[in-house]
Structure formats: C-alpha cells, structure tokens
Amino acid sequence: MLTVAALYRFVDLPDAAALRAPVEALCRDLGITGTLLLAREGINGTVAGEAGAVARFVDALRTGPPFGGRLGDLDVKLSSADAPPFGRLKVRVKPEIVTFDGGATHPAVAPATPVAPEAWNGLLDTPGLLLIDTRNAFEVALGSFPGAVDPGTKRFGDFRAYVDGLDPAAHPKVAMFCTGGIRCEKAGAYMRARGFAEVHTLAGGILRYLEAVPDSENRWTGDCFVFDGRIALGPALVERPDHAPETLR
C-alpha cells in the first residue's frame, strides 16, 4: 500500500527555478514519484511513495531546506493506492502552479472566503446561492454536488470567459469548489476582482470534503476524478475500481 499526497501552497517563491534541483534530489532520495510544479506563485503537485517517505517529504517541505519554512501552511491531502499511481518523477518550473491567466490573478490580492468542509452543507442551503463547479466538463460528468452549475469548460483558463459573462449584481452570493482547492483560490480571486461581492470556496476541495464529512451527511454524488493512475475516488478517498483506466478509453 502506497501513500499519495496532493499538495499545494500559494506563496512567493522568486527562487522557483533554483529550487527545482534540490526538490528533485529530495524526491529521488526518498523514492518519491509523481509531478510537482514550481512557480513564483508557489508549489502544486501530487506525489506517491511509502508512507514514511511521504511523511518525511512533507515535513522537509514545511520545515526544512530548500524552502526555509516558507511552506509551513502547505495544504496536504493524503490517500492511498494499491499500485503505483505514477510511473516516474517530474519536477517542473512553470509560470503558474495552475494554468489560468499567465499569473495575472493572485489569490492574495482579492481572496475568496474559504468554508470548512463541515460547514459546506449549511452554505449549500443558502437561498439564491450560485454554486459553481470550477472543474472541466469531463470531471463534472463523473460527479458533482447537486444543483452545481457546470460552466462547460475544457481547460481551467476557459473559466474566465464564463465569469465575464455573468452579472455580479445578479449573483450576490457565490460558492465554488474544485478537486483540491487550488483552482478555486484562483477562480475565486478572479471573481472578486470582477466585482462579485461575496465569493466562498470549499476549503481543501472535494477531496477534503470526502475525507471529513461522514457518509450520512455527504451530499456529493458520483466520484471525484484525480490526476493520477487511480482515475477516481469516492467517499473517504477510497479508490473506485469501476473507473479503471481501461473503462475510460
């Protein structure tokens, strides 16, 4: 059994390019595989390895070199996999840690309001709430929250055009969600910058919700697509065998 860690953090990393080599070396020393993206705006990725190795890796990112404590608030969601979900290691330097608008939008400038998974169901009951699934149409087809709007995007960057077609005055209260929270931070900041007064995001994303909310209270329907060899996860972040790669070809 392997441990899988989905992680991200928006934080200023002006030395992102110089960090690639030591981060890659750390991964190789610990036998970590997966994909990590580094940019001036932070870090994003999903990695896998033996449980102890992943724990040491996360601790090194949060408290030790090469980041020098800058990732103390790193968001990490842990799940498991019976087989290696990644074939190799990739550590890349990019303009953004999630491709959206070339870095023009930064969550720190006009942040949305995060809502804990335990409080999410209460928010969903708000009259007149515009609930948006910020993921692409393929992901939405596997599962979503009832009543959520599917913008019909193919790429995350397409979400900007969807927002630009909305009237902020017609939507005084907005809530949005994504897989792990990173896309919502970007999308929420974009909506706030476009004049939407009250924008809420699901803290930790769908993965945190499925992990934290008991089945008896869980309002998620379907499965959650993940960007690795497991394809999809269900409640309690259990791998869904009915979405094995061959069934999606």
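Residues are classed by relative accessible area as buried (under 20%), exposed (over 50%) or partly exposed (in between), with a 1.4 Å probe and protein chains only. The model is predicted: local features need pLDDT of at least 70 and side-chain atom pairs count only at pLDDT 80 or more, whereas totals for chains, interfaces and linings use all residues. Numbering starts from 1 along each chain as its sequence is written, and side-chain values use heavy atoms, with hydrogens and water left out.

Helices (H or I, at least four residues) and strands (E, at least two) are DSSP runs numbered from the N terminus. Two strands are taken to pair if DSSP finds at least two bridges between them. On this basis, 5 strands form an open sheet of mixed pairing, in the order E4-E1-E3-E2-E5. Its edge strands, E4 (75-81) and E5, each pair on one side only. Strands E1 and E3 run antiparallel and are joined by 8 bridges; Phe10 has Gly42 in E3 as its bridge partner. Helix H6 (residues 182-193) lies across E1 and E3, at about 20 degrees to E1, and helix H7 (residues 205-212) lies across E1 and E4, at about 65 degrees to E4. For these angles, axes are lines fitted to C-alpha atoms, for helices over the stretch in contact (heavy atoms within 4.5 Å), and angles run from 0 to 180 degrees between N-to-C directions.

A nonpolar core is a set of buried Ala, Val, Leu, Ile, Met, Phe, Trp, Tyr and Cys residues joined through side-chain atoms within 4.5 Å. The largest has 27 residues, of which Leu7, Leu36, Ile43, Phe57, Leu61 and Phe67 touch the most other members. Another core, of 23 residues, lies apart from it and includes Val98, Phe159, Met191 and Phe196.

Strand E7 (residues 130-133) runs parallel to strand E9 (residues 174-177), with 4 bridges joining them; Ile132 has Met176 in E9 as its bridge partner.

A salt bridge is a side-chain nitrogen of Lys or Arg within 4 Å of a carboxyl oxygen of Asp or Glu, and 14 are counted by this rule. Glu24 and Arg20 form one of them (2.9 Å, N to O); both lie in helix H1, 4 residues apart, about one turn of the helix. Arg20 counts as partly exposed because its relative accessibility is 29%. Glu198 and Lys173 also meet in a salt bridge (3.4 Å, N to O). Glu198 lies in the loop between H6 and strand E10 (199-202) and Lys173 in the loop between helix H5 (159-164) and E9, so the pair ties together parts 25 residues apart in sequence.
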